[in-house]
Amino acid sequence: MGEQPETVVVRQFDAHKDRERVEAMEKICEVGPSGKLSLFTDLMGDPICRVRHSPAFLMLVAEKGQEIVGMIRGCIKTVTCGKKLSRNVNKPPYLNINDDAETFQATPRYVPVCTKVAYILGLRVSPSQRRMGIGLKLVQRMEEWFRTNGVEYSYIATENDNLASVTLFTDKCGYSRFRTPSILVNPVYAHREKVSRKVTIIPLNSDDAESLYRRRFATTEFFPRDIDSILKNKLSLGTFLAVPSGSYLAETWPGLDRFLSDPPESWAVLSVWNCKDVFTLEVRGASRVKRTLAKTTRIVDRALPFLRLPSIPNFFRPFGFHFLYGLGGEGPEAVKMVKALCGFAHNLAKEHGCGVVATEVSSRDPLKLGIPHWKMLSCDEDLWCIKRLGEDYSDGSVGDWTKSPPGWSIFVDPREV
């Protein structure tokens, strides 16, 4: 009789006995085609670092004999999937933004509709073991855990041109194309960015930040119900509000209630997440000519910072980055406010020794115009795919979320970057 093929066993990740083997497999999966650039991710000895800060998370590995041949990570949270008019009998279905009765503005008051969702990330299968159903097996086992925990929807993010990943999820796992947000990446230069003097940047404490997000952005798609946990996490470096110069000062900030009762015509907000302390990136496979060219731009930028010449950071050794999340704003000058905030965030990233600043926003978001980025580093259309996990759930006010049209904005959770 012939030798029986080894069985693939899917089980929960064990940090004590799996860490080194998982790291070895990650390195194999990150290597790109010979002679081409590839992006290597160093998880700094913690394979679950990219889901560790989520409310609930799980990592599974696929083991074949003594070899780890696959892995997958998943996390669960509650987010906004739509909105509806408030039916609170104690309040009118309007948001009163001015206490003066003569100038009362009857704006419909919406409240978020929430659902329990799961996010799949970090699916890896050893190159020598692909097309054997291991990826499908890992996804199905992860979905079993999702269902056990009452999850209504599962979603993933992948590159639009990653045919293997798209085919696995849409053709074999029952996911459908859902949203196409833009990943925008900007280098951190050797010089500081200039922030407009017409804009004042005010740092908000976590309580004011939470209140602002809940009162102005809670109906944004994918807004996390536990936004307070994100804002108070040690990796969140702060929330910053941009207002026209002369309207408010950081030294005399009156608090969020006063601000929202009499906001300036235009304003914007964003928060900063420190991915540098979680994992680092490194570009491999670059030619000596490309390395020399990049180094030359940095030397010139450092020598002549007043020229504000764009320079290429050293991507060829491990570098960290900051992720901008919770971008939002109102008013005709909101795009300019976002641009000022991004300049401020660039300088903060420079102080922390980061290589890039990145964010992800809806491709339809008007504020996208205020976010500086390099096209060669960015992705205009990332692909999010979604699946409804159970037919016994109520459609509620939104109906089947997988069939809903996209909105103008989307909230990207920094814990899943």
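Start with the largest nonpolar core: it has 67 residues, and Leu241, Phe259 and Trp401 touch the most other members. A nonpolar core here is a set of buried Ala, Val, Leu, Ile, Met, Phe, Trp, Tyr and Cys residues joined through side-chain atoms within 4.5 Å. Buried means under 20% relative accessible area, exposed means over 50%, and partly exposed lies in between (1.4 Å probe, protein chains only). Strand E4, residues 67–85, gives the most to this core, with 5 residues. Helices (H or I, at least four residues) and strands (E, at least two) are DSSP runs, numbered from the N terminus.

This is a predicted model: local features need pLDDT of at least 70, side-chain atom pairs count only at pLDDT 80 or more, and totals for chains, interfaces and linings use all residues. Residues are numbered from 1 along each chain as its sequence is written, and side-chain values use heavy atoms, with hydrogens and water left out.

Select Phe259. Leaving aside neighbours within four places in sequence, Phe259 is in contact (heavy atoms within 4.5 Å) with Leu241, Val243, Tyr248, Trp253, Pro264 and Trp267. Now switch to the second, separate core: its 26 residues include Val10, Ile134, Leu168 and Tyr175.

**Helix H3**

Select residues 163–172, which form helix H3. Which residues are buried here? They are Ser165, Val166, Leu168 and Phe169. Look down the axis of H3: the buried residues fall within an arc of 160 degrees, so they line one face of the helix. The arc is that of the directions from the helix axis to the C-beta atoms. Turn to the other side of H3 and find Leu163, Ala164, Asp171 and Lys172 exposed.

Show the partners of the buried face. The buried residues of H3 pack against strand E7 (110–125), helix H2 (134–148), strand E8 (153–159), strand E9 (176–179) and E17. Just after H3, pick Gly174, where phi is positive, about 85 degrees.

**Aromatic rings**

A pair of aromatic rings is described by the distance of the centres and the angle of the planes. Rings of Phe, Tyr and Trp (its six-membered ring) pair if their centres lie within 6.5 Å; planes under 30 degrees apart count as stacked, over 60 as edge-to-face and the rest as tilted. The count comes to 24 aromatic pairs.

Select Trp145 and Phe146. Their ring centres are 5.8 Å apart and the planes are at 50 degrees, so the pair is tilted. Phe146 is buried, with a relative accessible area of 0%.

Next, select Phe240 and Phe344. This pair is also tilted, at 4.7 Å centre to centre and 55 degrees between the planes. The pair links distant parts of the chain: Phe240 sits in strand E12 (residues 236–244), Phe344 in helix H8 (residues 334–351), 104 residues apart. Phe240 is buried at 9%, whereas Phe344 is partly exposed at 27% relative accessibility.

Two rings carry a charge over the face (NZ of Lys or CZ of Arg within 6 Å of the ring centre and within 35 degrees of the ring normal). Arg50 lies over Phe279, at 5.7 Å from the ring centre. Arg284 lies over Phe40, at 4.0 Å from the ring centre.

**Phe411 and its surroundings**

Select Tyr213, Phe217, Phe223, Tyr248, Trp253, Phe259, Trp267, Trp273, Tyr325 and Phe411: they form one aromatic cluster. Zoom in on Phe411, in the segment after strand E17 (382–388). Is Phe411 buried or exposed? It counts as buried, at 5% relative accessibility. Leaving aside neighbours within four places in sequence, the contacts of Phe411 include Phe222, Phe223, Pro224 and Tyr325. Draw the C-alpha distance from Phe411 to Pro224: 7.9 Å in space, across 187 residues in sequence.

Step to Phe222, in the loop between helix H4 (206–217) and helix H5 (227–231). Phi of Phe222 is near 75 degrees, a positive value in a residue other than glycine. Phe222 is buried, with a relative accessible area of 0%.

**Lys77**

Last stop: Lys77, in strand E4. Lys77 counts as buried, at 6% relative accessibility. A polar contact of 3.2 Å joins the side chains of Lys77 and Asp413. A polar contact is a pair of N or O atoms within 3.5 Å; within protein, one must be able to donate a hydrogen and the other to accept it, and residues adjacent in sequence count only if both atoms are side-chain atoms.
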